[in-house]
Structure formats: structure tokens, C-alpha cells
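I wanted a quick tour of how the chains meet and how a few pieces inside them are put together. These are my notes, in the order I looked things up.

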Amino acid sequence: MTWENARIDKAKEIIEMYPQKRSALGPLLYLAQDKDGYISDDSIVEISRLIGITEVQVQSVASFYSMYKQEPTGKYLLSVCKSISCEISNSSNVIQKVKEFTNLSNNETDDEGLFTYESVECIGACGGAPAIQVNYETVEGLTPEKAVDLCKWLKEEQPKVVVADELQLKFGGTKSFDWAIEDNTGSSSPVPGFQTYEMQEEI
Amino acid sequence: MKETILLTKHMRENPEDSHLLKSYEKNGGYKGVKKVLKSGTPESVLEEIKSSNIRGRGGAGFPTGVKWGFLAEDQERYLVINADESEPGTFKDRILLERDPHQLIEGMIITCFAANISKAFIYIRGEYAKPARRVQSAVEQAYEKGYLGKNIFGSSMDLDIVVHLGAGAYICGEETALLNSLEGRRGEPRLKPPFFPAVKGLYNKPTLVNNVETISSVPWIMNNSGKDYASLGVEGSTGTRIFSLSGHINNPGNYEIEMGSSFGEFVESLGKGVRNEKSIKAYIPGGASAPWLRGDQLDVKMTIDDVANEGSMLGSGAVVMMDEDTNLLFAAKSLVSFFAHESCGQCTPCREGTTWLENILDRIASGRGRASDIDLLLDVCDNISPGLTWPPKMTTICPLGPSATASIVSLMKDFRSEVEVLLPKKVVVS
Amino acid sequence: MTEKITFTVDGKTLEGKQGQLLIEACEDSGIHIPRFCWHKRLDPVGMCRMCLVEIETPRGKALVPSCTTQVTDELIVETESNTVKKAQEGVLEFLLINHPLDCPICDKAGECPLQDQTMAYGPGESRFIEEKRHFEKPIPISDIVLLDRERCILCARCTRFSDEISGDPLIEFIQRGNKTQVNTFPDEPFKSYFSGNTVQICPVGALTATSYRFKARPWDLKKVSSTCNCCSLGCSVELNVSQNKMLRILGEDNEFTNQGWLSDKGRYNFEYLHSDNRLTNIKLKDNNSFVDANISEATEKLKNKIEELHNPDIKFLIGANSTNEEYFVINKFANLMNRNEFLSKDKSNVYFADDNMFSGYFGENHQNASFEDLDSSDVIVVWSEDIKDNIPVLFLRIKKAVKNGVKLVVLGHTNSSLESLADLYLGQDVISNNFELKTNLGNIKEFQNIIENKKVTIIVGKSTPLQQKKYLDNLVDHIQKYSQAKFLNCFTKANTFGALQHIDQIKGLNEFCNEYEESNKNIVFTIGANPVNASFFGSKIENILKKADFVVSLDIFINATTELADLILPTTSFGEKEGTVTNMEMRVLKQNKILPGPGSALSEWEYLTMISKSLDKEIKYENVDEINKALCDEYENNEELPSFENLNKPSNLFGMKNRKNIDINIKDLEKNDLSILMVKRLYGDSSTQINSPSISMLGSERFIELNSKTLEKFGISSKTANLIQDQHSIFVNIKINNLLPDNIVLAPINRRGFKNLDPTKDFDIREATNMKELSVN
């Protein structure tokens, strides 16, 4: 067993939600990534046992989806959008600045394990292009300068939980739509802050 | 031109707490479903939906009532909400999920009542973490109130809803790929036939797969009537539709409008015109898969049929405006890269062809193009989408590969000179 | 019957069956549509897109893959239009842009569909000027299979096979889109009994076999069809030989039997044919060592011995690898040598070397099933030795039937591998450690619900030599009472059913041991039998052969049995002899000769006719055709004859039900409590396997299986331990199998170190603290 009891309990709880065990594979892979920052071989073995499929079947699914990382990631996963609306809104400048600041190229993680940089396809923030996600928390209406400020702030503050609304307020600009109220939920690891959220506190 | 506010009414009027059950209910929410459960029949709901003439909002525009009618009989049937909104340019479902999740849940309950379904899923793209949290917490509130679970609203109906997160694969927006993904498999589209979801869907059981916006429209239709809904918009494109406007626009965003105005009016009145008073060189009328229209085609009406007549599609309702300064080769390259990155890899033409197209465009963009490259690009496109027509003929299982050709074909048809200047002259030996 | 329909292809009107796939319907009418991913025995995936054709639809012509389109009445198809050609050429170009040009060093070259298509339709030159995809090449994904991902065209044949057909999905697509590759999980190699099938169906040289790599070019191979002799299923095979060396065995698609598939043992268990250890000369024992002899010295010696002993008892221990023609002659010869020549029935002197043999279910009251019945029955009930390990391709047939909706009931405790497929598995609640039914089957509601008033195929045999037949009778009688039952007698070894058909009466090894004591003058013939190794009676027989007056062994290797012989006659083996064999559904199939025997090796029948001649007895056959004719002469006139002539026809698939009453005279062993369940694993230490280098290592692991409750009792926490009984101690890997009953361990009888264990005696499992000291044995 390489997983903590709380994680296994959470996994079993998730499996229960579905008519067939295998459907829980996706959520379980997020539990794995939350643990190690990527889908480790140990977790693949663990998951294959939990849902009764072979290791390579788990790996096959995990490697299909771009949000399941096959290499260790840093504490903050920086995903800058490069799809059409962002592309024509100079996302390439944002990309360049973030790369310069972090000294990383695409899909690289720094030695300290703080940042992983990636340029990604559309994140659904087209009305607020160009946009970035930090651990899947969206910030819209960026400028290259604000993007660098964001990275600096992350580096200095190293917040435990990354909250979209907080980042947007500090570094964002034009939004895709009115976000209305301020929301303080967020993500505590390089996975979407969903399902892993409460479990994190237990561990 | 003005918006017609149906689906976005509650969120606009109650911005501070529209996502909470309390607020939704205070403003008339869950009234429709209560009425349906008390005095309606599945047939009466289906009749209402049919008479509204609402068509699917995911992109394909299939009549929703007809789709529900196709659902095969079986003890186990499922509803799956396609919230895998990933088409570049599109962010309309995001607002519905984030700001008014109960409207969707109410729509789902009514749908499940009409189709005799007791288990439903909301498949939300993984990048929509915050919307997913909002939906999850709305589902939990609904369970607490007894609006979900066993004997909901005190009726004999049971309904469970599971919120499921995707993980970064655009192809899962294709309904059969989504079902594979929900089953814990690679998000590869299934063969149709035999895997029509209404007959062999999730776990090979009859399954309704509907878009967020479609099902979010259901409560309004039931609170009012199918006829009222059908009276909005134009024939063939009834009701309202939320368009996501982005690109070189002063006021980008989601706009709920009746279909039938022109793109030009839309941009001017709601989008507040083109940024820096530039003119539009080209625009994408319906998401990244759609062939481009030129700036001189802004008077095209925003209806499913009008856009189709221009050789493109209204698709997902994502309108991307590109001004006169846009480097269209780079725009096309971005779009082709997107499809190459998102190809599932099953079909040879898509797997190999989209990456090849990306390579050629890269080469041209970096000044290493060859005189024969335009012909090569178009021929490779032709081998993915024979005849280069729209809607596309396909050599593939799903339309992803052919979609990748749309921007190249548009570029070469209307803006060829922008590419030609980057290529060495063809040497003609006579 | 499926409805016949007509459709039009390229202007020609063709006939097809409703629901048939277009590609198959065209194939049936001689129109070949190019394809890479489609395979008749796999579910279509429509991935490679090579088989695109145009059909007429209400909305005009449409390009569709012919592998996913069903023919319908009046369908109009074009397979050669310009649109079709352009699309197919496009697909071919797409496949080639990342395919390496290493045909000159590729095993597949010469029989490669991609190469053939490219030669026929491919572009003259490449328009692709970018760098090709690169992968490390080739990588071993198991002991017997190598993977070259650069050559792979991602047709999903191997992944589908392992998922749909063999049910061990250990090879899969990794990554997506243009980065997609096929691979295995790092710590979990392609460990499947059926992996070789993926090599055979790979349409390019991406999967290759270590045993065949760089050995030959397809155009240099001599080929002949034959029938595999690894178990009683009778898989159709093609033997590939070059310069008198067997280089490869391929599965042939026989609709009635293997449907194209083979187990890896059937496919790779052939290198022994050319082993230096093969017996090539006649050997006579002289002062405890063997010396070469010629045939007249040998027959003379035997003749003298018979005379010297004055009317000795002559007994025959026979194995399962002889042909029907050989059994026919063995039967004649044994009868001639029987002191009680043709006297009372239970005086047979032929003993069959299979521990689990029993009288079985034959005759009028028990209708014999065909493999086809598996697909057409409602329910399959299995209570037998482990099917996957002993008749691997039958496991595939059962899996296929289950996939198509046939229900499966499995009775414990040996068929754990069928449990995941089963609708009902009856374990220790119902079946005791001694394989007794604890309750009346009628009391088991789930069981009754599944079988009542259904068509049931029962696969039945003893799971262990100690099982009492009456419990099998209980099962059989119960099902016959409530349902329509057909039987597959689960005797697992090669040509067992040929022996049953052609030997007047067969006895078992227990009878051999008991009856041996009845005489004090004994000559024993062992014919292709090695009962000293891997048998419940191993040590008893070893003692008997040691004290017998004279032992003659006809065999291909010196082994635990033949080393005790006084005279060894080297025989020919698989591929070196012609004849017929009978599989477990009583289907007669042909084995063909493509190789000469080594040295002075001869067929069993040749030795026996020579010996009988030297003894002035009347067995006179000049060649195997004569024997086959004589064998056919014993058939009733109206039966279809298993003559070479008939079997050599292209449609060589004959069904032959019980030609005559099968007579098995074997009694139950005395009841005894079982503590070690000895089972035969697919890979073990048989002479043929240890002399086939490619697969010799696969049977080397020593292990035991037990349930976790039993393991807990011994307080073992590690994954290895010592299994101890009396002075024997074996260092073993421990595998948890919670389908086993409490207080029992399962151990492989055909692995080294296990043969001296007594299944009825207590054992202990101890932590392997000092491995050296404990693993004496």
C-alpha cells in the first residue's frame, strides 16, 4: 500500500458513486496526482487493484488525458492558453514572459519543484483572453507584466491554496463574464480543486 | 439589438447568490419541476419540448425532442450532461454552471422524469474546476432538500446525479468519446453504428446526452410553454441562444439573444464594436471547427440555416472576431495545432494528417516553406476531408480531423496571398 | 438461418447475408478490399481507414469503412472509384510518413500487408520531409515477444486480441493522437499464454517472436498444414520449415476448432525437434549405461528376453502423442503380446499415462458435444482440471461464448481463471477439499435457475486423481434430469481420444501399479509416456520400472522414465510423421510430415511391426497409408471415413462421433484427504519444453497458491517461503488465491521439485530464513 488510508477511503467512496467500478478511474487518477504531483507507477498499481483492471489499462487511460501528468510537477502548475482567442490576443507575449521568468520551457519543472510551465489549448476563458490557469484556477485578462507579477507573487507568498478569485482580483483584467460574488474555494495541488478538496485537510 | 433574457435572468437579477438553492428557489426556481411531478406526465413534457422546437446547443443542432423520442426502452437508462465545453472560443456553459447550477439540475430532473431515468451524470471538463465545485455544492444542497435522491419532492421518482470531471481532452465533447471517458476509458469516439447513445450508450444502455445550455432551457419551457419558446427566434432556430463573443472586440462576453440578427449587428450593438476602430478581416461564426467567414460577410444572419448556407456553421455559438491586423497564417496554425493536439489517434488520416498539416504550417511560418506547400496542404486536407466541402465528407470516424482542415481551406480560399508571399516563387520551366 | 440478400459491388450483383460486414461479404465473393486493422475474429474498430469504399445513400455517395458497414439488400457499393482510390492512397501515405524504411532487416518483409499495399498502390516518392517519429527499437515485452514501435501502424489488433479474445489486457495504447504508441506496463510484461497470436496477426513487423527473429525469409519457407499435439483441442496449424528445420508454427483458422488462435506452448514448443538431446540411435543398456545398437540387435535382445522369461506378462504404458495409426498398431501389437490374448475384457494390457483419466461419459446416454455447441448452448458448466492451463484454446472458446451471452457455471477448485467469466462459481461452500459435492445441487437456487430447461454443455473431468467419480455423476445426472445436456469429456492430453478410439480397452496408471504385482515376470513397453515425471504415481512407477525384468521405451528423449529402460528405440515426433489424430470433440484431423526424423529414428508403428516380425507374429504394414486404410476398414460403410484422401481435401474437417464403444476400465482411487492439490500448469519441465530454449524458462518458477486465511495460519508475511513435507523442502513463491478452500495448497506437479510430494500428507509452510539449509530436496 502506497496510499494513505484517507486517500483509499476517498477512493472507495468515489467508486461507490458509479454503477461500474471502472468509471471511477478518472477521479482516482486525480487522487493519485494530488498525492505525488503526477501519476506515479505506484499509484497506477494501487488504482489497478482498487478497480480491478490491469496496470497498463490504467496507464493507457492516464496517458490519454493531458491533465494527468506523467512527470512530476511543481507546486504550481502554470498553464497559459495558446488557442485561437488567446493567440490573436497576444498570448505569445504572455508565454514568453512567463517562460523567461520561470526559466522553463514547455512541460518543464524547475529544480525547486515550485513551478511547472505548460502552454495549453483552450481553457474556456476566451472572452478574457489572454488567460492563465494556476493549478486549474483561472485568471483572465492578463498582460505579460501582470503574468510576471503573478509568478513573483506565487514565488514569494507560496499560498497553500490557490484561489481563482483572489488571483483575478490581484492580477486579472477583462473577464469572460461577470464573476459576481467572491469565492474563496480553490486548489491545493496541481489538480483541479474538486473531490480532493476535503480529503486534503484529513491528510 | 437587445438581449432576450431567459436562461441568464436569475443570475443577472441575483448576482450575489444566484448559485445557491435558497436564492434560486426564492426567485421561482424548482416551481416548474414541482408542477411537472405533481400533474404532468412524461408524454406531456416530451410534447412541450417537441413543440418548443429547441435544437441541441452543443454544436450539431439536433432537435432535442426528437432525440428524447429515440431513447430505447430499457430498465436502465442514463442522462449525461455534456459540460465538456472545450471548443476554442466557447465559454457559455461555464457561466451556466458557475452562476446558475440549479437551473441545470431542475432541467435534469424534468428530463429524467420525461425519460424515466434515475441516474444522471454531469461531465464537466477538468479545467472547469470552479464551475464543477459550484455544481457539486448545488447538487449537495439539492440532496439535502430532498430534491435529489429517493422519492424526490415527495414523489415516487428517484434520481441520483454524479458530477464527473474530465481531464483535458477536447474530443470528449464528442458524445460517444464522452461516454467512453465516463466509463473510465480512453476518450475515443465510438463507431456509429452500432453505438448510437440513445440505443447503446453508457454501459451499452440507452443514454441521453445533452448539452448544458439545452437542459438549462428546459425549466423555462416548462414554466412557460413550448409554444412561447417557439415564438422566439426564427423558424429552425427558435428560442434564445447564448453566444460567446471573443477576439478583437470592445466588449467580449456571453450574450443571450434570439437568433436571427446579423453578426454585424451583434458585434456593433452588444460587442460595442471592434477594438481600436479597426475593421474585421475574418471571423469564426461557430467555434474553432467552423470555416471562417470574411469581414465582408458580417451581414449573414445568426441562424443555423443562414450560416450553413454560407458554407460554415453556427456550431457551438462561439464567435471569434479577427481584425485587419490579424496574422491569419498564425491564426490557422493555432487552430490546426489545437486539432493535432486533440486528435485521439484512432483514425490514420486524423492522427497522421493533422500533425503533418501542423508541421507544414510551422515550416511556412518560420520562412522554410516550399513553393509546393499550398498544394500539399490542400491535398493533405483533401485526404482527410475529401472534396473540402462543408459540412465535410470524412475519411474518419468523427469530424475532428475534417474540422482541422476548415481553417486551412478558408485561408487558402480567401486569403491565399497572405501565405503566398512567404513562399519561394514556383520555378516554371517552359 | 440468416436471410440472404443481394447487393451490388462495382456493377456486379453479389449475394450476402443480412447483417454481414461489407468487407467480409466482398471477401466471400472474391473481392478483396485492402485493410490493416480489420480481422475476421476481432470486433471491428474502423481505425486504419484503409478499407474505405463508397456507398449510395439517400444524401448521395458517402465514403464508409467496409469493416464497420453491414450489407443491406440492394446496397450499391463502389470499391474502385476515383474517390475510393484517392482516399485509400491517402491513408497509405499517412501510414508511411512515420513508418521506417527497414524492410531489408524486417522479419515481416515478404508477407507484410503494408509492404504489399505500398508496392501495389503506394506513392512513388515521399512528400513528407519532416523527421519521422522515433522510438527505441525493438524492446522485449516478454520472454518471447519483441516490440518495435516505429513499425507499428496502430491498428489495435494486438490490443483487441488481448482484451477481447484472451482476456489479459497487458498490451495497450499509451499516449494519444500522433504520440500514440503500443506498450506494456513496465513491471508487468506481456505475460500471456496467448501472446504469440498478436505476433501472427500484426500486419507489420512491429511484434516479432524471439524464436523466429532473423531466422528466415517467407519465400524460403516450406509449408504444410497439420494439427497441433500440445493438448486435446486439435488446433489447426501451419508448419514452416527451412533447410529441414522447423522455424515457425502459425495458427490456421479452423472454424470448428481453434478459429486461428494457438497457445504460446502450441506455437513455440517445437525447438526440441532439433535439440542435440534428441535420441537418434537405438540404445541398449549394458551395465547401467547405454550403448548404441542396431535394430536387429535390439529385436534379438527382446526376443531372447521373452523366451528366457517363458511367457512373461507384457504391459504397455502409453502416452498421448501417438497418431491414430500408431495407436491402431499398438493395439494390434498389445493384443498379440497379451498372454490372455483376447480373453476377458478386463485383461487389457494397455495403460494410459494420465492421472486424471476415468471412465468418462460416453455412449448412448451421453451425447457428445462439439465446440460449436459451446456457442449455441445456453449454459456451459465446467468441472474439470484447469482449462486455461491444460486446453488453453478451449478457454478462448469458452470466453468467446460467454462474450456472446452464454452463461457459465464453474465448479471449484481448479478453474480459478474462469471465475471472472462465470455467472456462478461454486467454491468451498459447495465443494469440499476432496472435490465432493457437499449439498444436493437442487438446493442451490442460483444454480438451478441457470440450468433448468436449458441447453447445457458440460465440460467434465476429474480435477484430481483422488476425486471420486460419483460426485461427477451427481452433477451429470442432475443436469441431465433438468436440462438438455451434451458432454465434452475433459481429458486434456494430445491425442487421448485417438487412443480411446483405437485401443480396445484402456486402463490407468493405478491399474498398472496394482496389476504389476500379479505377475513375477514382467516386460514393460513405454511408448511416448513419461509417468515417472509429473505423475501422482511417479515414484511407484519408478520402483516398478527399476525392478521390471525388461523395459522397452519408444521415445524421443532420455527422461525420467526412459532412463530406466533396457532398450530405447528413438521415435519420430511432431512434423516428422504422418497420421490422423482425434480431438476431444471426436473430430479427426490430419497431422502431416514435413521433416525427416533425426538419425535412425522411426515411427512407433515401424518398430512394432519389426518386433512382431522378429517374433513371427502377423503385423504387416509397409507404410502409414496402409494402416490408415486398415483403420478405415473398421468403420461402418455409411460413415464418413477419416482416410488420408478425405482429410487431404481442402475442406478437411470431419466430425466423427463415437466410432465404437469407448472402453475405459479405470476405478476410483481409495478415498483420501487432500492437503496438496497438485495441478498441471501450461509450462513445466516436460522433455519437449526444457529442450526448447525460447520457452524453457517459462516453466521454471516454483510457487504455491493458497487462500489468505490459510496463509495466515502459517504466519507468513513474505512473498516467499519453504513448503515442507517430511524431508522435502521446496523454496516457493507464494500466491494468494482466495478461490481455493481453506487448509489446502495448490502446487504445480509439472515443475521441478514437486514430484516427491504426497498430496494426501500434511505439509508445513515456513518462513525461508535460511534458504540454503532448507531447500535441500
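Before starting, I wrote down the handedness rule I would need: a crossing is left-handed if the near helix is turned anticlockwise from the far one by less than a right angle, and right-handed if clockwise. I also reminded myself that this is a predicted model.

**Entry 1, a helix pair in chain B.** I began with helix α4 (residues 42-52) and helix α7 (residues 101-115) of chain B, whose axes come within 7 Å and cross at roughly 120°. That angle makes α4(B) oblique to α7(B). With the rule above in hand, I noted the crossing of α4(B) and α7(B) as left-handed. Which residues meet here? From α4(B) I found B:P42, B:V45 and B:L46, and they meet B:I110, B:F113 and B:A114 of α7(B). I sorted the contact of α4(B) with α7(B) by class and got 6 nonpolar residues, with no polar and no charged ones.

**Entry 2, chain A against chain B.** Next I looked at the contact of these two chains, which takes 48 residues from chain A and 56 residues from chain B. On the chain A side, the elements giving two or more residues are α2 (25-36), α4 (55-62) and α5 (84-87). I checked which gives the most, and it is α2(A), with 5 residues. By class, I have the side of chain A that touches chain B down as 27 nonpolar, 14 polar and 7 charged residues.

I traced an open sheet of 3 strands in chain C, in the order β11-β12-β13, with antiparallel pairing. β11 (222-227) and β13 (245-251) stand at the edges with a single partner strand each, so one side of each is left without a neighbour in the sheet. Neighbouring strands of this sheet are turned by 30° against each other on average, direction ignored. I followed β12 (residues 236-242) into β13(C) and found 6 bridges. Among the residues I checked there, C:V237 has C:G251 as its bridge partner in β13(C).

**Entry 6, around β32 of chain C.** Last, I looked at strand β32 (residues 728-736) of chain C, which pairs with strand β30 (residues 703-706) in the parallel sense over 4 bridges. Within that region, C:E705 is bridged to C:K735 in β32(C). Strand β31 (residues 720-725) of chain C runs antiparallel to β32(C), joined by 6 bridges, and C:I724 has C:S729 as its bridge partner in β32(C). β31(C) and β32(C) form a hairpin with 2 residues between them, and C:D726 in the turn has a positive phi of about 50°.

Note on methods:
Residues are numbered from 1 along each chain as its sequence is written. Chains are lettered from A and ligands numbered from 1 in the order in which they are written. This is a predicted model: local features need pLDDT of at least 70, side-chain atom pairs count only at pLDDT 80 or more; totals for chains, interfaces and linings use all residues. Two strands pair if DSSP finds at least two bridges between them. Axes are lines fitted to C-alpha atoms, for helices over the stretch in contact, and angles run from 0 to 180 degrees between N-to-C directions. Angles under 35 degrees count as roughly parallel, over 145 as roughly antiparallel, 65 to 115 as roughly perpendicular and the rest as oblique. Two residues are in contact if their C-beta atoms, placed from the backbone, lie within 7 Å. Ala, Val, Leu, Ile, Met, Phe, Trp, Tyr, Cys and Pro count as nonpolar, Asp, Glu, Lys and Arg as charged, and the others, Gly among them, as polar.
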